[in-house]
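Here are my notes for you, in numbered points. Keep the model open while you read.

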Amino acid sequence: FVKRLASYADCYINDAFGTAHRAHSSTALIADYFPQDKMFGYVMENELKAIDGVMENPQRPFCAIIGGSKVSTKITIIEKLLEKVDVLILGGGMTYTFSAAQGGKIGKSICEPDFYQTALDILKLAEEKGVKVVTSPDALVADDFSEEANTQTASVRDIPEGWEGVDISEEGKKLFRDTILECKTILWNGPVGVFEINKFATGSRAVAEAIAEATEKGAYSLIGGGDSVACINKFGLTDKVSYVSTGGGALLEYMEGKELPGVAAIRK
């Protein structure tokens with residue numbers, strides 16, 4: 001199949017960063033048929049430059065904002081970032097696992113008890129590396145996962161039974177904004193609330209607006225990961241940040257230091 005594909009062309013250009021982490025016939029294998037005539041397209045080239053710039057030569061202070069629902073899917077990237085960043089902002093559903101691991105009451109919020117020790121280990125590693133970890137002291141909590149839900153503000157350490165954390169609240173928004181505005185390089189991967197529901201999207205909007213403001217003042221901002229990109233698009237701020245990555249899994253794996261088959265095939 002690869003040989004037949006290759007027979008139609010004189011040169012090969014890979015411009016699909018979003019699939020670079022997968023070993024497909026049309027990306028990882030076909031390049032071998034063009035030893036002298038293979039190259040990255042402009043999107044792929046810009047992706048790698050943007051990510052390499054942030055990970056290898058960031059302006060400081062360097063802040064990473066990592067959100068999303070689960071600690072389990074972000075362990076490797078968090079551990080990698082702790083070697084690079086000055087500040088780590090943690091948001092989203094994963095923060096309730098951190099809160100519970102430290103003895104907090106989190107109501108019916110999303111949680112991964114199997115990762116309590118992992119959460120504590122991450123905090124310990126951050127302390128050892130001198131990385132400042134920032135989490136929201138408060139949460140917007142809801143009694144249902146819908147636009148019609150009742151909501152209130154609660155401490156992330158004391159969420160009432162029957163309620164679940166769905167976003168950061170006012171103290172968290174201010175803390176995150178102040179932290180972001182102090183930084184010169186900003187990486188955002190993962191929303192800090194259930195942004196798909198407008199009622200629970202104000203925290204992620206505040207983060208996006210703070211990143212745009214910091215960028216306007218001279219910071220370099222990289223938005224990566226599917227949900228973060230969806231966030232920045234939803235809030236109409238795509239052209240207010242430095243770079244919006246087209247990669248989700250590919251971006252994370254590249255940042256984790258893994259060799260991406262689609263990239264390796266062109267470079268070798």
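1. Let's start with a term we'll need: a residue is called buried when its relative accessible area is under 20%, exposed when it is over 50%, and partly exposed in between, using a 1.4 Å probe and protein chains only. Next, some ground rules: this is a predicted model, where local features need pLDDT of at least 70 and side-chain atom pairs count only at pLDDT 80 or more, while totals for chains, interfaces and linings use all residues. Residues are numbered from 1 along each chain as its sequence is written, and side-chain values use heavy atoms, with hydrogens and water left out.

2. Now the overall build. The protein chain has 11 helices and 13 strands; these are DSSP runs numbered from the N terminus, with helices (H or I) needing at least four residues and strands (E) at least two. Its radius of gyration is 20 Å, close to the 18 Å that the globule rule gives for 268 residues, so the chain is as compact as a globular protein of that length. (That radius is taken over C-alpha atoms, and the rule is 2.2 Å times the number of residues to the power 0.38.) Along its principal axes, the C-alpha trace spans about 65 × 40 × 40 Å.

3. How much of the protein chain is buried? Of its 268 residues, 52% count as buried. As for contacts (heavy atoms within 4.5 Å), look at those with a separation of 6 or more: 71% of them come from residues 24 or more positions apart.

4. Here's a pair to find on screen. Rings of Phe, Tyr and Trp (its six-membered ring) pair if their centres lie within 6.5 Å; planes under 30 degrees apart count as stacked, over 60 as edge-to-face and the rest as tilted. By this rule there is 1 aromatic pair. The ring centres of Tyr12 and Phe34 are 6.2 Å apart and their planes are at 20°, so this pair is stacked. Tyr12 lies in strand S1 (residues 12-14) and Phe34 in the loop between helix H2 (25-29) and strand S2 (38-40), so the pair ties together parts that are 22 residues apart in sequence.

5. Are those two residues buried or exposed? Tyr12 has 9% relative accessibility, so it counts as buried. Phe34, at 5%, counts as buried too.

6. Asp32 sits in the loop between H2 and S2. At 41% relative accessibility, Asp32 counts as partly exposed.

7. You'll find Pro61 in the loop between helix H3 (42-56) and strand S3 (62-66).
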